[in-house]
Amino acid sequence: YMYSKQQDSTTPSWKKVDYAGVYKDIAALLEDENYDDGSYGPVFLRLAWHASGTYDCKSHTGGSSGCTIRHAPESEHDANAGLEVARRRLEPLKKKHPNISYGDLYTLAGVVAVQELGGPTVKWRPGRVDKQAVECTPDGRLPDAAQGADHVRDIFYRMGFGDQEIAALVGAHALGRCHTDRSGYDGPWNASPTAFTNFFYTELLDNTWVPKKWTGPMQFVDKQSGAFMMLPADMAFKTDPRFRAYVERYARDQDAFFADFANAFAKLLELGVSFPEDAPLYRFKTLD
Ligand code: ZEM
């Protein structure tokens, strides 16, 4: 008895979690016909990205490791508006799998979203250790949708990404939509916002984008139907020649996009995390 008790208290919590089971449980939470376009996948992916995208490679601060995104003030930064929807949806799984860290739960939810909505397999490792509110990252580390290529580069170079990785990551904007009560922007990027595709690139190139006529923040709509949108920052991927070269490649070649996205996204989820040496690398199978 003494021995087994001691064993348990010295086994790190991350080793006591059935991650394939958590994957399945997250997947079961995706669908809800009454929410948005019928899936929580896009907002789970945005949560994983915002939990990770605060990383600063010079000071080695931020990133998903401490999962400070769940604490105020970081949870209340403007960029994170609406992400409580995803956190609330995932909370029962923290109760069901108490040994998983929030950092592992939220990043795994991003992996599940990408894979279950038809995207590539994303390699993932557990072992993030949650931190307290005093370690929240400062506001302003996530990209501002109103700005252009220079700003986008400043933000992603700070994380340690290059142009090809940035162009691949923004392809996530095939999924989901903008909400006026979250970011102020409005609408989806394409007609299938719950399928992971290369449509961000094809729509960006194939349409004529015109400023939306409304009293909301400056954004673009496709001239033909007016049904789809682009953020000013999205348009930078069409106008900036170095970004555009990748956009053209990913529009032509969905396999190339999937491969580059999988690598860049796996890297994003690991920024600033010091994994235990024996943390296994998972490649989860999608459910049928
Ligand atoms: Zn987004 N993103 N993003 N993004 N994003 C929104 C929505 C989503 C930018 C941005 O300002 C916004 C990446 C990069 C960048 C997703 C994933 C990823 C919204 C709308 C805005 C304003 C939020 C709302 O109103 O609900 C900018 C400026 C980016 C860089 C240039 C990267 C990288 C992502 C993942 C890898 C996703 C999935 C959504 C849709 C969320 C939803 O709820 O439908």
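**Figure 1. The buried residues of helix 6.** In helix 6, the buried residues are Ala149, His151, Val152, Arg153, Ile155, Phe156, Arg158 and Met159. The structure shown here and in the following figures is a predicted model. Helix 6 is mostly covered, since eight of its 11 residues are buried. Which elements cover these residues of helix 6? Among them are helix 3 (41–52), helix 7 (163–169), helix 9 (232–239), helix 10 (241–252) and helix 11. After helix 6 comes Gly160, which has a positive phi near 105 degrees.

**Figure 2. The division of the protein into two domains.** Domain 1 comprises 8–141 + 265–270, and domain 2 comprises 149–264. The centres of domain 1 and domain 2, taken over C-alpha atoms, are separated by 22 Å. To the contact, domain 1 contributes 29 residues and domain 2 contributes 24 residues. About 2200 Å² of area is buried between domain 1 and domain 2, and carbon and sulfur atoms give 61% of this area. How many salt bridges are counted between domain 1 and domain 2? The count is two salt bridges.

**Figure 3. The salt bridge of Glu165 and Lys267.** The side chain of Glu165 meets the side chain of Lys267 in a salt bridge. The distance, N to O, is 3.1 Å.

Figure 4. Where in the chain do Trp124 and Phe284 lie? Trp124 belongs to the loop between helix 5 (102–116) and helix 6 (149–159), whereas Phe284 belongs to the segment after helix 11 (254–270). The pair thus links distant parts of the chain, 160 residues apart. Is Trp124 buried or exposed? Trp124 counts as buried because its relative accessibility is 1%, below the cut-off of 20%. Phe284 likewise counts as buried, because its relative accessibility is 7%.

**Figure 5. A cluster of aromatic rings.** Tyr250 and Phe257 form an aromatic pair that is tilted, with 5.8 Å centre to centre and 55 degrees between the planes. Both Tyr250 and Phe257 are buried. Which residues are linked into a cluster by ring pairs? The cluster consists of Phe196, Phe200, Tyr201, Tyr250, Phe257, Phe258, Phe261 and Phe265.

**Figure 6. Lysine residues over aromatic rings.** Lys94 lies over the face of Tyr102, and its distance from the ring centre is 4.9 Å.

Figure 7. Ala145 is found in the loop between helix 5 and helix 6. Ala145 counts as buried because its relative accessibility is 18%, and the cut-off for a buried residue is under 20%. Which residues are in contact with Ala145, leaving aside its neighbours within four places in sequence? They are Tyr185, Leu231, Pro232 and Ala233. The view may also include Pro217, which is 72 residues from Ala145 in sequence and 9.9 Å from Ala145 in space, C-alpha to C-alpha.

**Figure 8. A cis peptide bond in a loop.** Ala72 and Pro73 are joined by a cis peptide bond, for which omega is about 5 degrees. Pro73 lies in the loop between helix 3 and helix 4 (84–96).

Figure 9. Asp36 is a residue other than glycine, and its phi is positive, near 45 degrees. The loop between helix 2 (19–28) and helix 3 holds Asp36. Asp36 is described as partly exposed because its relative accessible area is 37%, which falls between the cut-offs of 20% and 50%. His60 is not a glycine either, and its phi is positive, about 55 degrees. His60 is placed in the loop between helix 3 and helix 4. Is His60 buried or exposed? His60 counts as exposed because its relative accessibility is 58%, over the cut-off of 50%.

Methods
Residues are numbered from 1 along each chain as its sequence is written. This is a predicted model: local features need pLDDT of at least 70, side-chain atom pairs count only at pLDDT 80 or more; totals for chains, interfaces and linings use all residues. Side-chain values use heavy atoms; hydrogens and water are left out. Helices (H or I, at least four residues) and strands (E, at least two) are DSSP runs, numbered from the N terminus. Buried means under 20% relative accessible area, exposed over 50%, partly exposed in between (1.4 Å probe, protein chains only). Rings of Phe, Tyr and Trp (its six-membered ring) pair if their centres lie within 6.5 Å; planes under 30 degrees apart count as stacked, over 60 as edge-to-face and the rest as tilted. A charge sits over a ring if NZ of Lys or CZ of Arg is within 6 Å of the ring centre and within 35 degrees of the ring normal. Domain bounds come from an automatic or database domain assignment. Contact means heavy atoms within 4.5 Å. Buried area is the accessible area (1.4 Å probe) that two parts lose on being put together, summed over both. A salt bridge is a side-chain nitrogen of Lys or Arg within 4 Å of a carboxyl oxygen of Asp or Glu.
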